[in-house]
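Trainee: I'd like to learn how to read a model like this. Could you walk me through it?

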Amino acid sequence: DASGARAGGMNAPGQPRLHWADLDSLLVREYGSYLHSVIPGLPGLCEVCSAPVAGTYARCRPCSQMLPPGPMGGPAGVDRVAFLTYAVERGQAYSVLRGYKTPAIQDRYWTAAATWVVWLLGRHGLCALRRPGIAESQFLWATVPSVRSGRLGEHPLHHIVRQVWGPRYPEARVSLTVGAGVQGREYNPLRFTADPIASGSHVILIDDSWTTGANVQSAATTLKRAGAAEVSALILGRLLNDAWEPTRQFIAHGGLRSPFDPNACPWRGVPNHMA
């Protein structure tokens, strides 16, 4: 869409203009067979994370237990979530999301992951700002740090996002760091720390995968405590466990949409028109 074309940072001065239709075609041609659009707000899906839910519940168990009741977790957590794709365990998308940051096999998956990030940021990254009263000047971005011990250097996801948005928005990066001595994988508002954020800012929080959402929600809480007015989470993959019956039924009834639709906005679930 138009905001995506402005946000991508893909065309350096003096280079030929890259049309999003070209990247759309590349994404579908190379990865469309195993990317599955996540359409928020459909019946039978968690209202927060778009995972299949049991019965008539509005939220999956992790989302219902993690934060107090309220829209998208209330003021403590994220205000909205968008995903590039569903990623079923042992599937190809799942392998990419795990493999691109694993040194021993990183080369096998890096190109796919980098292409997904570039496309998602440029095509739909700022669609969350397309609401009354939200200005692009209020936009900030952050990535969720790895909480795994032993990981050295810049996280691969942060490296890719910095290459895409850094030159175009040099003052928009928010640094999140892992809190000292914090362990475990459950929601913890002390898991991360951040420097003060300008009042009224809208932070796009980016991560590569969502299983329970604990790290994303913990990071969102940190950002709001630092001053952010809103936090929108942009995630590459909603990981699914097909050993769980609602997920099996979801897959059996065509929940994994194919072919991948590059025009379906992951924030709103409706088509966007390319610039």
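Mentor: Let's go through confidence, then a helix pair, then the pockets.

Trainee: Where do I start with confidence?

Mentor: Keep in mind that this is a predicted model.

Trainee: Which element has the lowest mean pLDDT, and which the highest?

Mentor: Helix H1, residues 2-7, has the lowest mean at 36, while H4 has the highest at 98. Residues 1-16 have pLDDT below 50, though this stretch still makes 40 contacts in the model beyond near neighbours in sequence.

Trainee: Now the helix pair. At what angle do H2 and H5 pack?

Mentor: Helix H2 (residues 20-31) and helix H5 (residues 106-124) pack at about 140 degrees, and their axes are 11 Å apart. Their crossing is left-handed.

Trainee: Which residues meet there?

Mentor: From H2 you have Trp20, Leu23, Asp24, Leu26, Leu27 and Tyr31. Their partners in H5 include Trp116, Val118, Trp119 and Arg123. By class, the contact between H2 and H5 has nine nonpolar, three polar and two charged residues.

Trainee: And pockets? What's the general idea?

Mentor: Rolling a probe the size of a water molecule over the atoms shows where space is left empty. In this model, the largest pocket holds about 760 Å³ of space. Its lining has 27 residues, and the closest to its centre are Arg98, Val147, Arg148, Arg185 and Asn215.

Trainee: Which element gives the largest share of that lining?

Mentor: That's S5, with four residues. Strand S5 (202-210) and helix H7 (214-225) each supply at least two lining residues.

Trainee: How much space lies in the second largest pocket?

Mentor: The second largest pocket has about 470 Å³. It is lined by 21 residues, with Pro52, Cys60, Arg61, Pro62 and Trp244 nearest its centre. Helix H3 (61-66), helix H4 (92-99) and strand S6 (230-240) are the elements that give two or more residues to this lining.

Terms used:
Residues are numbered from 1 along each chain as its sequence is written. This is a predicted model: local features need pLDDT of at least 70, side-chain atom pairs count only at pLDDT 80 or more; totals for chains, interfaces and linings use all residues. Side-chain values use heavy atoms; hydrogens and water are left out. On a 1 Å grid over the protein atoms alone, a cavity is a set of points where a 1.4 Å probe fits but cannot get out, and a pocket is an open set with protein on both sides within 12 Å along at least five of seven lines; lining residues have an atom within 4 Å of a point. Grid points are joined across faces, edges and corners, and a volume is the space filled by probe spheres set on the points. Axes are lines fitted to C-alpha atoms, for helices over the stretch in contact, and angles run from 0 to 180 degrees between N-to-C directions. A crossing is left-handed if the near helix is turned anticlockwise from the far one by less than a right angle, and right-handed if clockwise. Contact means heavy atoms within 4.5 Å. Ala, Val, Leu, Ile, Met, Phe, Trp, Tyr, Cys and Pro count as nonpolar, Asp, Glu, Lys and Arg as charged, and the others, Gly among them, as polar. pLDDT is the predictor's confidence in each residue, from 0 to 100.
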